[in-house]
Amino acid sequence: MTSLETRPSTAKTNDRSHVFHSWSAQGLINPVVIAGGEGSWFWDEDGNRFLDFSSQLVNLNIGHQHPKLVAAIQAQAATLCTVAPSFANDARGEAARLITERAPGDLDMVFFTNGGAEATENAIRMARLHTGKHKVLAAYRSYHGATGGAITMTGDPRRWPSEPGYPGVVHFWGPYPYRSAFHSSSDAEECVRALAHLEDTIMVEGAGTIGAIILETVVGTNGILVPPDGYLAGVRDICDRYGIVMICDEVMCGFGRCGEWFAVDRWGVAPDLICFAKGVNSGYVPLGGVIISRRIADTFKERPYPGGLTYSGHPLACASAVASINIFEEEGIIANARRLGTEVIGPALRALADRHPSVGDVRGLGCFWAIELVRSKATREPLVPYNAAGPAAGPMNEVVAACKREGVWPFSHFNRIHVCPPLTTTDDDVRHGIEVIDAALAEADKYVIA
Ligand SMILES: Cc1ncc(COP(=O)(O)O)c(C=O)c1O
């Protein structure tokens, strides 16, 4: 049993006095002070240990403190810490080569950013300039980052306080078989209807005005929504027919999270632009980017690309990406993520769904899974309402607290618990974490209506 009580250490006092935290009412939070981590575990300053079932912010694909990754950053720091973006540099070039070699289709150039939001911002800038068309179609139930354009494209309540956003962003419904916007009764039907809806949206918005469609290949925070087979190929076809740039946001689902280098690989689809961040180097140093098709890169062959960042292709970040990609290859990390999904996590979660009346649906792939909690399997009423806060979110908070008491740190969002451990987690640790969730679900079962 783990205690979350912390004494007010200097770290805690400084944090509470001076650190302004993301997405939070500053007076209502009590951040746990993290003292260290190793592999799939981290611990607080009181020595309470947690199994990291959320990979921090679903970015720690390689686990905490991988010795070779730490050594690569140290070696780069000893060689050259920083260079301006206009220069060429070993680490930057090698990172771009390794990333593009793994990317699908003709995606063979990289624009480096510091994180995911800057990647989606630059992707839409590229698409608009390449096509000369300004509108962007983005999905409801999506997250693309918190900067101006990225939050406008976001299809969840995080966008609301930043409205009105940028003009020209239009939202559409993507596939979600469990809560179909199209009243579908099968994955195949959902696929056909979601594609028809997308094409209808293009018809009424005007194909001649739409430069890009952006979507998360597998939707992350908004529910681990795995697209039905055929959906991404259908979007590719629509984009080709209407001269629209297809942007896949793989900030969360890329770099092994879904058991592939890129989630699109599972369906053999090549978009025009891929946005990445997080798992590229597990966030040891901030890094993101856009992988660009040759055709779009050529738009900027004679004409300057009107965008840049002081830290684009930062050597410490790029050296860590190089090391991380090499470690993934040496240690078979992608294959391990895929195997964990098919052999360990998937079967264990399906067993939970059979046992617990509060588990409405489980879905995912690789190390990227959701447990969707309901008050009734028959009506699918969510355990807590959409975007619940305060007392309305109570039942979910009870499940999460029960996990943390037993030393497992889950990722929770709305009425879902996500299972997103590092891709290097041992089978035993994964099984242990799911056993803890199993016990914690008793808290949710209490709210089930007969
Ligand atoms: C799919 C997706 N896109 C973009 C972002 C934004 O990335 P960042 O927080 O690095 O700006 C996130 C972050 O969670 C994400 O999940």
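My entries below take the ligand, then one serine in a loop.

**Entry: the model.** I am working from a predicted model, so I read every distance here as computed from that model.

**Entry: the ligand shell.** I began by asking which residues surround the ligand. I found glycines Gly115, Gly116 and Gly145 in the shell, along with Ala117, Val251 and Met252. Tyr143 and His144 also surround the ligand, as do Glu216, Asp249 and Lys278. Sorting this shell by residue class, I got four nonpolar, four polar and three charged residues.

Entry: From a polar backbone atom of Gly116 I read 2.8 Å to an oxygen atom of the ligand. For Ala117, a backbone N or O atom is 2.8 Å from a ligand oxygen. Lys278 takes part through its side chain, with a polar atom 3.1 Å from an oxygen of the ligand. I then checked the cover: on its own the ligand has 390 Å² of accessible area, and the protein covers 81% of that.

**Entry: Ser24.** Where does Ser24 sit? I placed Ser24 in the loop between helix H1 (10-18) and strand S1 (34-38). Is Ser24 buried, exposed or partly exposed? Its relative accessibility is 27%, so I noted Ser24 as partly exposed. A polar side-chain atom of Ser24 lies 2.7 Å from the backbone oxygen of Ser22.

Notes: Residues numbered from 1 in each chain as written. Predicted model: local features only at pLDDT ≥ 70, side-chain atom pairs only at ≥ 80, totals over all residues. Heavy atoms only, no water. Near = heavy atom within 4 Å. Polar contact = N/O pair within 3.5 Å; in protein donor to acceptor, adjacent residues only side chain to side chain. Areas by Shrake-Rupley, 256 points an atom, 1.4 Å probe, with all protein chains shown as cover. Nonpolar A, V, L, I, M, F, W, Y, C, P; charged D, E, K, R; others polar. Helix = DSSP H or I, 4+ residues; strand = E, 2+ residues; numbered from the N terminus. Buried < 20%, exposed > 50% of the residue type's maximum accessible area, 1.4 Å probe, protein only.
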